[in-house]
Structures are given as structure tokens and as C-alpha cells.
Amino acid sequence: MLTGGCYCGLVRYQAEGSASHLVNCHCSICRRTSGAPFVSWFTVPRTAFQFTQGTPTQFKSTEQGLRCFCPDCGTQLSFQHVDTPDEIDLTICSLDNPESLPPEKHIHMESKLSWISLADGLAGTSEANSEE
Ligand SMILES: [Zn+2]
Ligand SMILES: [Zn+2]
């Protein structure tokens, strides 16, 4: 069982099953909606996920993308894409134990900030067709 929530504790979630697609996303939308140079995500089946406390604010970041945030403290929690309704992405760093899911690759490297110097040895892709 994976559990997590926002910084202030208002919104909590849990996910069962195995996490996949462990990535650091450098796309400009993740960057601007978080105020951070990149955002780390994992994916679980939508049916394995639920918010267990609080009601997050939903924001359509693009025509296809829906992001959830804590309405009080602003922590970004989830991402859903209309093309993959059976999946939900969650921010690794909103987990109670982010050490449990280390990212496996970098995506949207075409948008990576020049002053970010990666030294983790992970592969990077552009993934221009999976815009978040
Ligand atoms: Zn909060
Ligand atoms: Zn992104």
C-alpha cells in the first residue's frame, strides 16, 4: 500500500497494486504548475487509487490533462490524461515514503533547464508524443 498526501495534511490518498512509469518529468507544464525545475511521477491503475481524506482542487492544465492540488497548501498530487483514463499519475514526493519509488528515467528532456545538471546516470527521452 502506497500512502501520501499534501504538505498541510488536508488531502490524503492511497494506492494499491504496483507502481509503474517512474519518471522525472522536465516538461514546462509540470515545471510551471509546481514551481520546481522538474517533477517526479509514478503511475498506478485508476481503480487502485483513491483520495481518502479531503477534496483536492482540479485544474485542467491542457485540453487533455487534469491535475489535482491541495486547495489549502497547493501541493500538486495527481495527473490524469484523457487518453489514459485507466491510469493516474501521482507525485512521488507527495508519498509518505518517497524513497520507496526512485525514478527510473527522465522524460521531456527537450524542455530541461540548462542549469540542471543530471548526474544520476538515468536515461533521458524527449517523449514529445506524451505531452502532459
Ligand atoms: Zn494541503
Ligand atoms: Zn510533465
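In this predicted model, Arg67 has Phe79 as its bridge partner, and Phe79 belongs to strand 8. Strand 7 and strand 8 form a hairpin with six residues between them, and in the turn Gly74 has a positive phi of about 85°.

Strand 7 also pairs with strand 6, and here four bridges join residues 57-60 of strand 6 to residues 65-69 of strand 7, again in an antiparallel arrangement. Within this pairing, Gln58 stands opposite Cys68 of strand 7, and a hairpin of four residues leads from strand 6 to strand 7.

The two pairings are set out below.

| Strands | Bridges | Direction |
|---|---|---|
| strand 6 and strand 7 | four bridges | antiparallel |

Turning to the whole protein chain, the secondary structure comes to one helix and eleven strands, and from the N terminus on the elements run β-β-β-α-β-β-β-β-β-β-β-β. The radius of gyration of the protein chain is 14 Å, close to the 14 Å that the globule rule gives for 132 residues, so the chain is as compact as a globular protein of that length. Along its principal axes, the C-alpha trace spans about 40 × 30 × 30 Å.

What share of the 132 residues is buried? Buried residues make up 32% of them. Among the contacts with a separation of 6 or more, 56% are accounted for by residues 24 or more positions apart.

Key: Residues are numbered from 1 along each chain as its sequence is written. Chains are lettered from A and ligands numbered from 1 in the order in which they are written. This is a predicted model: local features need pLDDT of at least 70, side-chain atom pairs count only at pLDDT 80 or more; totals for chains, interfaces and linings use all residues. Two strands pair if DSSP finds at least two bridges between them. Helices (H or I, at least four residues) and strands (E, at least two) are DSSP runs, numbered from the N terminus. The radius of gyration is taken over C-alpha atoms; the globule rule is 2.2 Å times the number of residues to the power 0.38. A residue is buried if 20 or more other C-beta atoms lie within 10 Å of its own, exposed if 12 or fewer, and partly exposed in between; C-beta atoms are placed from the backbone. Two residues are in contact if their C-beta atoms, placed from the backbone, lie within 7 Å.
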